[in-house]
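Here are a few exercises to work through with the model open beside you. Try each task before reading its solution.

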Amino acid sequence: MLRRVGVVLAALLVLSPATAVAATQSPPDTIDLPAGFRPEGIAIGRGSVAYLGSLADGDIYRVDLKTGSGQVISEGPGTPSVGMKIDECGRLFVAGGVAGTGRVIDTRTGAVLESHQFATGTTFVNDVTLVGGSAWFTDSNNAVLYRLRNGQVTNVPITGDFVQGTGINANGIAPTPDGKALLVVQSSTGLLFRVGFDGVSKRVALDYTLTNGDGLLLSGRTLYVVQNRLNTVAALRLDRGATSGTLETTVTDPRFDVPTTVASLGNRLYLPNARFNTTPTPETPYTMVAIPRP
C-alpha cells in the first residue's frame, strides 16, 4: 500500500508542473483563420467563443479564443457575410453586403433561422446592432436603416444632418450610451451621427475625424471606432446622449492589415484583418489579432 501511494505521489509531482503551465497559459494574441476566408465581421458570445463571417462565400467560422482552434459551423449562401452581432439567446444576426440581405443563424446548430431580402439592385448591407428589441442594419449605398423585429422588416430612411454622398456611406452602427438612439459612422466623410429610431440624424460634435471609419464597439461611454485602411482604432469618450465626444486615444499595431471591426472579451479587443490591400486568392492567409483594451 505504501509503495502504491508513493507511485501516485510521484506521478502527481511529475504532472503538476505541466498542469500549472496549462492553467496559466495566455490565450493567443494572433489567431490564424482558414486560407482564403476573407473575414469582415466578428461577434463574441458566451464561453470565450468568437464568430466571424466570410466575404468570400458567407461561411460562419467559430473560434475558441482560449486555444485559437475553430471550424465552420454554418455554410454560407455564396454571398458575403459582413457585420454581425449575437444576442443572449445565441442568435447571430448577419449583414449580407451586396446581396441586400440579413440572416439570423442559430450558433448552436448553424441553422439559418431567418433570411430577409432588405433591398435589391445597388445595395450593400454593411453592419448591424441590437438595441431596443430590434436588429438595425446599415446600407452603405442607400440612406436607409433596416429594422428587423419579431421577423418583420421596416425600412427607416435616414433624414436630418446625414447626407448621402459618393463612396461608402453608412457603415458601422452601435447604440448610444443611453440606449435611446443609434450611432452611425459615415466612412466617406469620417463623420459620426446620432440617429433616432425614427431615422432623424444629428451630427455628433467630435474633435477628431473618423477617416475610413468602419466597425463600432460601445463600452459604457467609450466608443471604439476601427479606421480600416489607417490600421487604427480610435477611442472616443461620449456624453450620455451621444451629442458630443472627445478623442481619448488612438491605437495601432504592426499586426494590423486593414482590420474592419472589433469585439471585446475581458480586457482584450479582437479585430479581424480583412487585408483589402491584398488581392484575395483561395490560398491567401488571414488572421484575427487581439490587443489590450485601451
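**Exercise 1.** Work out what share of the contacts in the chain with a separation of 6 or more comes from residues 24 or more positions apart.

*Solution.* Start with the criterion: a contact means heavy atoms within 4.5 Å. Next, keep the contacts with a separation of 6 or more; residues 24 or more positions apart account for 43% of them. Bear in mind that this is a predicted model, where local features need pLDDT of at least 70, side-chain atom pairs count only at pLDDT 80 or more, and totals for chains, interfaces and linings use all residues. Residues are numbered from 1 along each chain as its sequence is written, and side-chain values use heavy atoms, leaving out hydrogens and water.

**Exercise 2.** Compare the radius of gyration of the chain with that of a compact globule.

*Solution.* Take the radius over C-alpha atoms, and apply the globule rule, 2.2 Å times the number of residues to the power 0.38. For 294 residues the rule gives a value near 19 Å, and the 21 Å of the chain agrees with it. Then look at the box that the C-alpha atoms fill along the principal axes: roughly 85 × 40 × 40 Å.

**Exercise 3.** Decide whether Asn 169 is buried or exposed, and find its side-chain partner.

*Solution.* Second, apply the cut-offs: buried is under 20% relative accessible area and exposed over 50%, partly exposed in between, with a 1.4 Å probe and protein chains only. Asn 169 has 0% relative accessibility, so it counts as buried. Third, check its side chain, which touches that of Gln 186 through a polar contact of 2.8 Å.

Definitions and conventions: A polar contact is a pair of N or O atoms within 3.5 Å; within protein, one must be able to donate a hydrogen and the other to accept it, and residues adjacent in sequence count only if both atoms are side-chain atoms.
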